Amino acid sequence: MCYFMKNVVCLAFTYLLYFSFHSAFSQAPLTENKLPVFRIVLDPGHGGKDSVTRSDGYQEKHIVLGIAMEVRNYLEESGFEVIMTRETDEFISLPARAAFKGDIFISLHTNTVADTIGESVRSMIKGMEIYTDKSMETVELLNRSKVLASAFRIHLAGLQGVKMRGVRQKPLAVLNKNQSPAILIELGFISNKDDLAYLTNPDNYKEIAKAIVNAVKAYQLEFTP
Ligand SMILES: [Zn+2]
């Protein structure tokens with residue numbers, strides 16, 4: 001009897017040792033893998049039949065898609081998951097765009113003023129703007145969207161070559177139908193020569209992408225316990 005008990009205790013001890021080692025060495029990487037992926041929805045505005053075309057031939061839908069692709073690559077290299085609402089020149093309705101769900105939603109656009117406005121005035125209207133919509137479905141979505149806009153304002157303001165005009169509010173279906181904290185960025189005025197040159201030069205896209213990655217990281221930190 002005594003011998004049997006000794007064996008049981010010994011067996012239990014061996015199992016205990018095995019599981020301690022197992023959890024100490026095998027589970028560490030598992031815990032790492034369990035970190036939640038941060039998912040970003042990138043929404044290049046317009047596409048297909050929906051196009052803002054200037055008389056000089058530049059089209060907003062092509063400019064924002066080119067920038068979004070570079071931003072997507074850099075976000076993915078930085079460990080984020082990215083979902084694009086479109087990757088080609090196709091039409092997607094605003095409700096369909098807003099239905100994409102992520103941890104955050106970023107819509108990319110460029111601004112313009114009418115061709116009829118004289119060059120002297122157009123030369124003065126330039127820079128980036130960030131939009132939120134106060135009619136989000138919940139207070140939390142609105143508050144998080146404001147924090148997101150603030151992080152983007154700070155980091156995009158550091159870009160050389162395009163100025164930051166600030167954060168504004170207006171009713172936008174792609175934002176207020178969203179189930180994620182959401183902002184819309186007007187990356188500059190393609191009706192302005194300086195902004196147009198900046199936004200159509202792919203050499204600048206990496207800097208825009210870096211600023212966006214830093215803004216997303218700053219937003220994440222705001223909600224890290
Ligand atoms: Zn637009």
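Does Tyr131 count as buried or exposed, and at what relative accessibility? In this predicted model, Tyr131 counts as buried because its relative accessibility is 8%, below the 20% limit for that class.

View 1. Leaving aside residues up to four places away in sequence, Tyr131 touches Arg168, Gln169, Lys170, Leu172, Leu175, Ala182, Ile183, Leu184 and Glu186.

**View 2. Lining of the largest pocket.** The volume of the largest pocket is about 200 Å³. Sixteen residues line the largest pocket, and those nearest its centre are His46, Leu94, His109, Val174 and Leu184. By class, the lining holds seven nonpolar, four polar and five charged residues. At least two lining residues come from each of helix H3 (94-98), strand S3 (104-111), helix H6 (173-176) and strand S6 (182-189). Leu184, one of the residues nearest the centre of the pocket, is also among the contacts of Tyr131.

**View 3. Salt bridge between Arg39 and Glu81.** The whole structure has ten salt bridges. In the one between Arg39 and Glu81, the closest N and O atoms are 3.0 Å apart. Arg39 belongs to strand S1 (residues 39-44) and Glu81 to strand S2 (residues 81-84), so the pair ties together parts that are 42 residues apart in sequence. Arg39 counts as partly exposed at 34% relative accessibility, and Glu81 counts as partly exposed at 28%.

**View 4. Salt bridge between Arg97 and Asp43.** The closest N and O atoms of Arg97 and Asp43 lie 2.7 Å apart. This pair links distant parts of the chain, with Arg97 in helix H3 and Asp43 in strand S1, 54 residues apart. Arg97 and Asp43 are both buried.

**View 5. Salt bridge between Lys210 and Glu207 in helix H8.** The side chains of Lys210 and Glu207 meet at 3.7 Å, N to O. Lys210 and Glu207 are separated by about one helical turn, because they are three residues apart in helix H8 (residues 205-222). Lys210 is partly exposed, with a relative accessible area of 32%; Glu207 is partly exposed as well, at 41%.

**View 6. Salt-bridge network of Glu129, Arg165 and Arg168.** Salt bridges with shared partners join Glu129, Arg165 and Arg168 into one network.

Key
Residues are numbered from 1 along each chain as its sequence is written. This is a predicted model: local features need pLDDT of at least 70, side-chain atom pairs count only at pLDDT 80 or more; totals for chains, interfaces and linings use all residues. Side-chain values use heavy atoms; hydrogens and water are left out. Buried means under 20% relative accessible area, exposed over 50%, partly exposed in between (1.4 Å probe, protein chains only). Contact means heavy atoms within 4.5 Å. On a 1 Å grid over the protein atoms alone, a cavity is a set of points where a 1.4 Å probe fits but cannot get out, and a pocket is an open set with protein on both sides within 12 Å along at least five of seven lines; lining residues have an atom within 4 Å of a point. Grid points are joined across faces, edges and corners, and a volume is the space filled by probe spheres set on the points. Helices (H or I, at least four residues) and strands (E, at least two) are DSSP runs, numbered from the N terminus. Ala, Val, Leu, Ile, Met, Phe, Trp, Tyr, Cys and Pro count as nonpolar, Asp, Glu, Lys and Arg as charged, and the others, Gly among them, as polar. A salt bridge is a side-chain nitrogen of Lys or Arg within 4 Å of a carboxyl oxygen of Asp or Glu.
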